[in-house]
Amino acid sequence: MLPSSSLKIVLSFLLVIGSPVFSIPLNTQKTVVSLSARFKAAGVTNIVAGDRARAQALHQAAKIGKHYANASITNVAPIGYTIQVGIGNPMKHYGLLVDTASGNTWIGADQDYTITSTSTGTGNTVSVSYGSSNFSGKEYLDTITLSSLSISNQSIGVAKTYQGFRGVDGVFGIGPVSLTKGTVSNTDTVPTIMDNLFNQELTRSEILGVYFVPVSEKVATGTLTFGGWNSSLMTSHITYTPITTASPACNYWGIDQSITYGDATILSSAAGIVDTATVLILIATDAFNAYKIATGATLDETTGLLKITSDQYSSLKPLIFTIGGTAFTLAPNAQIWPRSMNSVIGDTSGNSDNIYLIVADIGSETFGFVSGYTFLERFYSIFDTTNKRVGFATTAYTKSTSN
């Protein structure tokens, strides 16, 4: 899998640029950018509520036909990945939250936008809302630099007001272009970063490779690869699955999958989304209840997560996601929150032996599932706009026991 651009979580990812490879047409003319992972301060509000609110807002936005593009909500999740993006000339760097469920790119939260010689105001207004967070402001066209790539006349939102964003300068939207619908005045949709990379012939295909190293590793880095992927980071062949036809998941990076715990199916084939800005793995209520009973877990009121004992951890069975006919397995260690980081999710007991599961209830009136960061850190993922599909492969961290 390919490393992703830097995220700020309290851990940062590095942006790396790969040399063009000309032997494989779909994987040529690619650029790799590092990500940084950032952890918020200890004692944050529970991440289950934040992830669930995000899922419900994305679901509702798609149903009513107006797409929103926020990276987070007021109940800010403790983990997020940021990429360092250069904007303008002279260039100024901004740390933007990477979001596959957003099409808009905007700045102006922690750091103000600086108008330079390449800035052009369009006179249009931008308004993006997500759950209880939002931003509104003006649209500019400017030059965006990603490592060796320079995208000219890229639409960016410049926030005049915003709510619910901390520790980032804005959002780096890498979702489908349809997610920009209705967000900019006098415009139907606006070209995304991925659109312009392809249209300006900076990449030969609209493909994004995402690689996260688990935050519990000593060096937690990630990379985004624009225009291809990095096969050297994979330990299996790529399995592709088409974007689901089920609405409203089809508006995002939506796929169909089933989930098995041990030998028991807990979620029959269902449509959901893959989302870099969600932390947990959210599944339908019936599936969650079956998982809870099977693991013997209890719901922890402080964190909102399922909690298990050491003996129950020893008895955990594989959690298997069947995607495109291939089984992607989370071993027991991959199903738990990193114990050394319990304080990040609000466990102030100081007991690093407390064990929490990273599978949560998605709630009602939403998708069948959302596979967030804690799933994606175990696999290489490929978001292929050109062929309308999502791909997965295993990595050296698929079976890591660092949690």
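**Exercise 1. The largest pocket**

What volume does the largest pocket have? Give its lining and the classes of the lining residues as well.

*Solution.* The model is a predicted one, in which local features need pLDDT of at least 70 and side-chain atom pairs count only at pLDDT 80 or more, whereas totals for chains, interfaces and linings use all residues. Residues are numbered from 1 along each chain as its sequence is written, and side-chain values use heavy atoms, with hydrogens and water left out.

Begin with the terms: on a 1 Å grid over the protein atoms alone, a pocket is an open set of points with protein on both sides within 12 Å along at least five of seven lines, a cavity is a set of points where a 1.4 Å probe fits but cannot get out, and lining residues have an atom within 4 Å of a point. Grid points are joined across faces, edges and corners, and a volume is the space filled by probe spheres set on the points.

With these terms, the largest pocket has a volume of about 280 Å³. Its lining is made of 18 residues, and P176, V177, W253, T385 and K388 are the closest to its centre. By class, the lining of the largest pocket holds nine nonpolar, six polar and three charged residues, where Ala, Val, Leu, Ile, Met, Phe, Trp, Tyr, Cys and Pro count as nonpolar, Asp, Glu, Lys and Arg as charged, and the others, Gly among them, as polar.

**Exercise 2. Strand pairing around β13**

Which strands are joined to β13 by bridges, and do they run parallel or antiparallel to it?

*Solution.* Two strands pair if DSSP finds at least two bridges between them. Strand β12 (254-261) is joined by seven bridges to β13 (residues 264-274), and the two run antiparallel; within this pair, G254 has I273 in β13 as its bridge partner. The strands β12 and β13 form a hairpin with two residues between them, and G262 in the turn has a positive phi of about 65 degrees.

Next, take the other partner: two bridges join β13 to β21 (residues 369-371), and these strands run parallel. I273 has V370 as its bridge partner in β21.

**Exercise 3. An open sheet**

In what order do the strands of the open sheet of three strands lie?

*Solution.* The order is β15-β16-β19, with antiparallel pairing. The edge strands, each of which pairs on one side only, are β15 (298-299) and β19 (355-356). Two bridges join β15 to β16, residues 306-308, and T298 stands opposite K307 in β16.

**Exercise 4. Backbone exceptions**

*Solution.* Most residues other than glycine have a negative phi, and most peptide bonds are trans. The bond from N89 to P90 is cis, with omega near 5 degrees, and P90 lies in the loop between β2 (79-87) and β3 (92-99). S247 and P248 are also joined by a cis peptide bond, with omega about 5 degrees, and P248 is placed in the loop between β11 (239-242) and β12.

Turning to phi, N153 has a value near 55 degrees and is found in strand β7. E201 has a phi near 60 degrees and sits in the loop between α2 (193-199) and β9 (207-212). N153 is exposed, with a relative accessible area of 52%, and E201 is exposed at 64%; buried means under 20% relative accessible area, exposed over 50%, and partly exposed in between, with a 1.4 Å probe and protein chains only.

How values were computed: Helices (H or I, at least four residues) and strands (E, at least two) are DSSP runs, numbered from the N terminus.
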